[in-house]
Amino acid sequence: MTKHAIEVRPTKPFADQKPGTSGLRKPTKTFKTDQYFENFIQAYFNDLAETSKGVQPTLVVGGDGRHFVREGTRIIIQMAAANNVNSRFSITKKKKRNFLR
């Protein structure tokens, strides 16, 4: 078994972070600055810990394959492990389709 170093990072509230998908409507550069993305994801893990009532929730991570998807998915998986989320992960790559516009 591989041991991983635990890294604790300070966080702070961001006034413009909103729950739900509306909170994700930010430029990629916003998510890459000052622990913004990590803070956003940790808020979901904190809520799950409080509301799941001992039931193991299912975590689904998806994206459209454009900006920050790989890096963001890696961060979410690492944070899930740090929050003791016991899950199986399925990572798939969807082929691009050509749509008529």
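**Figure 1. Residues at the contact of helices H2 and H3.** In this predicted model, Phe37, Glu38, Ile41, Gln42 and Phe45 of H2 are in contact with Gly72, Ile75, Ile76, Met79 and Ala80 of H3. Sorted by class, the residues where H2 meets H3 are seven nonpolar, two polar and one charged. Glu38 belongs to the H2 side of this contact, and Glu counts as charged. The polar class takes in Gly, and Gly72 is one of the residues on the H3 side.

**Figure 2. Packing geometry of H2 and H3.** H2 spans residues 36-51, and H3 spans residues 69-82. The two helices pack at an angle of about 45°, and their axes lie 11 Å apart. H2 is therefore oblique to H3. Angles of 65 to 115 degrees would count as roughly perpendicular, and those under 35 degrees as roughly parallel. The crossing of H2 and H3 is right-handed.

**Figure 3. Asp34 in the loop between H1 and H2.** Helix H1 covers residues 28-31, and Asp34 sits in the loop that lies between H1 and H2. Asp34 has a phi near 50°, which is positive although the residue is not glycine. For most residues other than glycine, phi is negative. Is Asp34 buried, exposed or partly exposed? The relative accessibility of Asp34 is 49%, so the residue counts as partly exposed; the class of exposed residues starts over 50%.

**Figure 4. Gln35 in the loop between H1 and H2.** Gln35 is also placed in the loop between H1 and H2. The phi of Gln35 is near 60°, again a positive value in a residue that is not glycine. Gln35 has a relative accessible area of 25% and is therefore partly exposed. Buried residues are those under 20%.

**Figure 5. The protein as context for the close-up views.** The secondary structure consists of three helices and zero strands. Read from the N terminus, the order of elements is α-α-α. The protein has 101 residues, of which 19% count as buried. Its accessible surface is about 9200 Å², and carbon and sulfur atoms make up 54% of that area. Of the contacts between residues at least 6 apart in sequence, 52% link residues at least 24 apart.

Key:
Residues numbered from 1 in each chain as written. Predicted model: local features only at pLDDT ≥ 70, side-chain atom pairs only at ≥ 80, totals over all residues. Heavy atoms only, no water. Helix = DSSP H or I, 4+ residues; strand = E, 2+ residues; numbered from the N terminus. Buried < 20%, exposed > 50% of the residue type's maximum accessible area, 1.4 Å probe, protein only. Contact = heavy atoms within 4.5 Å. Areas by Shrake-Rupley, 256 points an atom, 1.4 Å probe, with all protein chains shown as cover. Axes fitted to C-alpha atoms, helices over the stretch in contact; angles between N-to-C directions. Parallel < 35°, antiparallel > 145°, perpendicular 65-115°, else oblique. Left-handed = near helix turned anticlockwise from the far one by under 90°.
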